[in-house]
Amino acid sequence: MRRNSLTSRARVRVSWPHLLAVIAAGVLLALCGLPLAWSAVTPVPLALALWLVASGGSARNVAGRMFWLTSAYFAVQLSWLTRFMTDLSGLPFGGALVVPLFLLEGAFYAVMALVAVSAFRDRLARVWALAGGWVVLEWLRTLGPLAFPWSDLGYTLLPTPAAQTADLWGKLGLTFLVTFTAASLVSLALRRYAAPVIAALLWAGSWAYGTTRAAQDGPTRQALVLRSAFDSFGRASGNLTAEQQFQTLTALSADTRPGEIVVWSETALIDQADLGRVPGPGIYGVYRYPNNSAVSWDGTSQGSVTYDKLKPVPMGEYFPFETGVLRPVWEQVFNLLGFRFDPPPIGQSTRPLPLQGVLYGTYICYDSIFSWVPRQLTLNGAQVLVNISNDGWYKGWGVTQHFQMGRMRAIETRRWVLRSVNEGVAASIDDLGRPVRTLGAGAGALHVTYRVLNGRTVYVTFGDWPALTLALLLLGAAGVRERRSRRPNI
């Protein structure tokens, strides 16, 4: 009696070739991510990555391989953060301060791998378990005080028609499609054809669905969206006064046309009293000490609803135990950097801002990478989405990544997105996620026409549950493969 299995019982010793191979796979996977044109081929390097990780022998070694692979992945995807931290700290090697972030993300994926493969010995079963675990972990990365769903795999399908299926199962469903395809490619290499056939059918259906989607019809409105070019460090340090900022934005808004609403970016108004001097009706980012907020203005008074930022940036606007025992520590760190420690409170409401008979689902900067924020705003009646942001903190890829992730929110909810920014990309995005008008350099204003839309997508109705259910099916597939591999071959 002989066991037919791809897995050896022997413990695989960690070696430099193994380490270099998984790091190289992580770098290759990252180079297939946003904002590069070839991101849709991500399932190919992911297939290699999953196979290398699954081949680690013991569950502990599998977790170790996943740690180094994903640490390398995030080091490349978030490499722009090293430049930001260098500028922020003023230190020649300040970029090294973000290395713990890369390792922390790698640790999360290592724990996932350890849990996912602990019940499996067969390598192919482990591949399927890791594919399902990856989807679940991306969902978990949207939760809790340290939530950081940046560089998720689902965004890599944005250049393809398959991205349009996000209105059915969200960005997380696209991640499922990526990981399922990767695991199917491994199965194909091992001459197992059932999963590859299913993957091909999924792609064919997604492609057909995407190519036949059409923009929705609805009443049109006009807006003026701005791109300012303030130095974010100058704003934070107070070197740029509130009045200087206000006058610059007022000048950019001078060409406002009759019937247009004006949209100003995150914390465009440092003094809430300046609302009485704004150019006209619109959506305005306001720093209402200590809240980072957005309000509507009808030309005479502030609207009855205020939106406060729901997801402050971890280690940027939110700090662990910032109101407790670690507050003195954080204050000392900020004093050394020359800034005041003044993190804003976390918002609680997802009510749209009403203005001139339209409900604007307004969210601020980092909120835009969380699918659930615009989803909740849409559930509460938002007919147009408005993303106000200060992207002056981002560098290089970070600016484009943030904009591209914001496009996915339009597809998931089938709403137009208006985007006013400091730095970054000002834009109008239609309900198919297509940028209609953009301004990505210099200071200026865009006159945009957008549609007021209603209705709910499948994703808005059910959220991430369809994708999570499919992820559990991948874990079930791993169990089926494991049982088959243990059958004796006489």
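The lining of the largest cavity divides into five nonpolar, five polar and one charged residue. The model is predicted. A search of the whole structure finds one cavity of 30 Å³ or more. Its volume is about 70 Å³. The lining includes G33, L34, Y73 and Q77. W150, S151, D152, Y155 and T156 also belong to the lining, as do Q401 and M405. Two elements give two or more residues each to this lining: helix 3 (59-77) and helix 13 (397-413).

The second largest pocket holds about 480 Å³ of space. It is lined by 19 residues. The closest to its centre are W128, A194, A195, A477 and R484. Helix 15 gives the most, with seven residues. By class, the pocket lining has 15 nonpolar residues, one polar residue and three charged residues.

Aromatic rings were examined next. A pair of aromatic rings is described by the distance of the centres and the angle of the planes. The structure holds 15 aromatic pairs. One of them joins W264 and Y284. Their ring centres are 5.1 Å apart. Their planes meet at 80°, over the 60 degrees required, so the pair is edge-to-face. The pair links distant parts of the chain, as W264 and Y284 are 20 residues apart. W264 lies in the loop between strand 3 (260-263) and strand 4 (282-288), whereas Y284 lies in strand 4. W264 has a relative accessibility of 0%, so it counts as buried. Y284 also has a relative accessible area of 0% and is therefore buried.

A further pair is formed by Y287 and Y289. Here the ring centres are 6.3 Å apart. This lies within the 6.5 Å limit for a pair. The planes stand at 80°, so this pair is edge-to-face. The relative accessible area of Y287 is 21%, so Y287 is partly exposed. Y289 reaches 57% relative accessibility and therefore counts as exposed; the cut-off for that class is over 50%.

Aromatic residues also gather in a group. Y73, F74, Y109 and W134 form one aromatic cluster. Y73 is also one of the residues that line the largest cavity.

F246 lies in helix 10, which spans residues 242-252. R277 lies over the face of F246, at 4.2 Å from the ring centre. F246 has a relative accessibility of 3%, so it counts as buried; the limit for that class is under 20%. Neighbours within four places in sequence are left aside in the contacts of F246. On that basis, F246 is in contact with W264, L269, D274, R277 and V278. F246 and I270 are 24 residues apart in sequence. In space, their C-alpha atoms are 8.4 Å apart.

Definitions and conventions
Residues numbered from 1 in each chain as written. Predicted model: local features only at pLDDT ≥ 70, side-chain atom pairs only at ≥ 80, totals over all residues. Heavy atoms only, no water. 1 Å grid on protein atoms, 1.4 Å probe; cavity = no way out; pocket = protein on both sides within 12 Å on 5 of 7 lines; lining within 4 Å. Points joined across faces, edges and corners; volume = space filled by probe spheres on them. Helix = DSSP H or I, 4+ residues; strand = E, 2+ residues; numbered from the N terminus. Nonpolar A, V, L, I, M, F, W, Y, C, P; charged D, E, K, R; others polar. Phe/Tyr/Trp six-rings, centres within 6.5 Å; stacked < 30°, edge-to-face > 60°. Buried < 20%, exposed > 50% of the residue type's maximum accessible area, 1.4 Å probe, protein only. Lys NZ or Arg CZ within 6 Å of the ring centre and 35° of its normal. Contact = heavy atoms within 4.5 Å.
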